[in-house]
Amino acid sequence: MGKFLRHEGCPKCGSSDALAIYDDGSTYCFNAVCDYRTRGDGSVSTETLPKAKPLNMAGVVASIPNRRISQDTCSRFGVTVEYSGTGEIIKHYYPYYCTDTNDICAAKVREVKTKSFYTTGNNAGAGFFGQQQCTSNKYITITEGELDALAVYEMFNKQYDVVSLRSGASNAAKEIKEQLEWLESYENVVLCFDNDKAGEAALEQVKDLFSPNKLKIVKLPVKDASDMLMANRVKDFTQAWWNAKTYRPDGIIAGADTWESLVEKRQVKSIPYPWEGLNDITRGHRPYELVTITSGSGMGKSQFIREIEHDLLQRCEGNIGVLALEEDVARTSLGIMSVAANRPLHLEEDTPVDQLRPYWEATLGTGRYYLFDHWGSTSADNLLSRVRYMAKALDCRYVVLDHLSIVVSSQESGDERKAIDEIMTKLRTLVAETGISLFLVSHLRRSQGKAHEDGAQISLGELRGSQAIAQLSDIVIGMERDQQNANEDIRNTTTVRVLKNRYTGETGPACYLQYDRTTGRMTEVANPEVGADF
């Protein structure tokens, strides 16, 4: 058997701290009613060791000077110390009381030199350390260790009840559940666990056990309460204790805690679209918004998006992420460059490559565009990770995803509606997490009457697959155009209709964009149907 490391709970008898762990991997339970022990390789051992020692509360009540613990505090908790022949304290004895009889049933013994522990007696049925001395019902503080409990009591000048766990953070949930009814009798339960990974893990296990508004969590500037007392940082500790905020489950925020977020939100400014009519209704777009653009097939959604991208490049400082899933990177690049060139470069197959360079330098060469190099469908989680990376690692404040349907087609479930629900929920969460402006292209269901490609008016209910698109988008913009109209102006003019607008609530036709075949650009014009000669 190797060197003793620590005590843990026993998987056989259920004791919270009777199982000794040694550095060779072996274990031994010192509970008098248990015979659990293992070798270093995990096999059951038949080796016999002395069983749990009979209850022994040796020593005398005295102060613990190196921990700044007074004799009065030790007396209150029943703690005793044992001295060596030279007058040095070599052991601490911490009594544990049975909650049924209020008699001492066990004692934890601390070896000062090695900082190791062992237990005498039987702690089955024992409460927290210090539970027997609690008399109030106002505040109860719970620490991880006995010395921390003594330190808290000392720093509060012996005013408030304080207890500690029997076996530290590793068994916090089990021990607190055992005493939950008693703890609930207090108006306030204050957790003062160690400021380390084990303490944080223990907090996560126990914070939802208590009734609403009862739990407060202390955030210490150092590891534990004992360290604060030893450093004579009594004022700092009491301030941290009184500043402990009432725990609320994730997502619940007190109104009194909203001022900073309100001020931060007021500093967020709207960014105009390239077209005044759309701005009149939407007041532009903003960070933390998900904007969905939808239309029938071949209505110019991609060009609409490119116009927005180019305007952002000129108007704003943040980078732009583009995930164009129906195009390869070269085609996407030409489309972006065409807006800067005022020419449809992808149609100019004979243009020398060196003549394209200035338009590349003005757009992609600025270093502010990031493209997703992928053709066709991809898994939703893979796509979401790319969007998150663009936002957090590449500082893309504006991200375009073109389009949603091709993402859905890659899902294995075969249930389009369910897949869209899941993806939209994740996208909405991602927008809230990163603060980006996300422009999402989505398709429509096939119309039951006049085709969208023939100029049929779009409604929110025609978004393909799921109502989650409409519900989770901040703005939904529809594009309508009669592609087969005999009038060329009407045939090349798109009606931009705002279908949903969470920011102002205004909806309806916003503007008319005419496509110029020579420049490849979309320009805002008056309604071509007014006064048109049919």
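Modeller: Let's start with a rule for rings: two rings of Phe, Tyr or Trp pair if their centres lie within 6.5 Å, counting the six-membered ring for Trp. Keep in mind that this is a predicted model.

Colleague: Fine. Which residues do ring pairs link into a cluster here?

Modeller: The cluster is made up of Tyr139, Phe156, Tyr160, Phe237, Trp241 and Trp242. The structure holds 17 aromatic pairs.

Colleague: How do I read the geometry of a pair, say Tyr94 and Phe129?

Modeller: Look at the angle between the planes: under 30 degrees counts as stacked, over 60 as edge-to-face, and the rest as tilted. Tyr94 and Phe129 have 75° between their planes and 5.7 Å between their centres, so they are edge-to-face. Tyr94 sits in strand β6, Phe129 in the loop between β8 and β9, and the pair links distant parts of the chain, 35 residues apart.

Colleague: Are those two buried or exposed?

Modeller: Buried means under 20% relative accessible area. Tyr94 comes out at 1%, so it counts as buried, and Phe129 is buried too, at 0%.

Colleague: And what about the rings of Phe128 and Trp182?

Modeller: That pair is tilted, because the planes are at 45°; the centres are 6.3 Å apart. Phe128 is buried at 1%, while Trp182 is partly exposed at 23%.

Colleague: Next, salt bridges. How many does the structure hold?

Modeller: The structure holds 23. The idea is a side-chain nitrogen of Lys or Arg within 4 Å of a carboxyl oxygen of Asp or Glu. Take Glu178 and Arg166: their closest N and O atoms are 3.2 Å apart. Glu178 is in helix α3 and Arg166 in the loop between β10 and α3, so this bridge ties together parts 12 residues apart in sequence. Glu178 is partly exposed, at 38%, but Arg166 is buried, at 5%. Lys174 joins Arg166 and Glu178 in a network of salt bridges.

Colleague: Which parts of the chain does the bridge between Glu506 and Arg283 tie together?

Modeller: The N to O distance in that bridge is 3.8 Å. Glu506 lies in the loop between β20 and β21, and Arg283 in the loop between α9 and β14, so the bridge ties together parts 223 residues apart in sequence. Glu506 is partly exposed at 34%, and so is Arg283, at 49%.

Colleague: Now a single residue. Where is Thr292, and what is around it?

Modeller: For a residue like this, go from its place to its cover to its partners. Thr292 is in strand β14 and is buried, with a relative accessible area of 0%. Setting aside neighbours within four places in sequence, Thr292 is in contact with several residues, including Leu440, Ile469 and Val476. With Ser473, Thr292 also has a side-chain polar contact of 2.7 Å. His403 is 111 residues from Thr292 in sequence, yet their C-alpha atoms are 9.9 Å apart.

Colleague: Which side chains have polar contacts with Glu327?

Modeller: Arg306 at 2.6 Å and Thr332 at 2.8 Å. Glu327 is in the loop between β15 and α11, and at 15% relative accessibility it counts as buried.

Colleague: Where else is phi positive in a residue other than glycine?

Modeller: Asn102 has a phi near 60°; it is in the loop between β6 and β7 and partly exposed at 47%. Asp395 also has a phi near 60°. Asp395 lies in the loop between α13 and β17, partly exposed at 44%.

Colleague: Last one: which residues make the nonpolar surface patch?

Modeller: Trp259, Leu262 and Val263 make a patch of about 310 Å². Trp259 is in helix α8 and is exposed, at 61% relative accessible area.

How values were computed: Residues are numbered from 1 along each chain as its sequence is written. This is a predicted model: local features need pLDDT of at least 70, side-chain atom pairs count only at pLDDT 80 or more; totals for chains, interfaces and linings use all residues. Side-chain values use heavy atoms; hydrogens and water are left out. Patches are made of residues with over 30% relative accessible area and no salt bridge: like charges are joined within 9 Å, nonpolar side chains (Val, Leu, Ile, Met, Phe, Trp, Tyr) within 5 Å. Accessible areas come from the Shrake-Rupley method with a 1.4 Å probe; for residues, only the protein chains shown count as cover. Helices (H or I, at least four residues) and strands (E, at least two) are DSSP runs, numbered from the N terminus. Buried means under 20% relative accessible area, exposed over 50%, partly exposed in between (1.4 Å probe, protein chains only). Contact means heavy atoms within 4.5 Å. A polar contact is a pair of N or O atoms within 3.5 Å; within protein, one must be able to donate a hydrogen and the other to accept it, and residues adjacent in sequence count only if both atoms are side-chain atoms.
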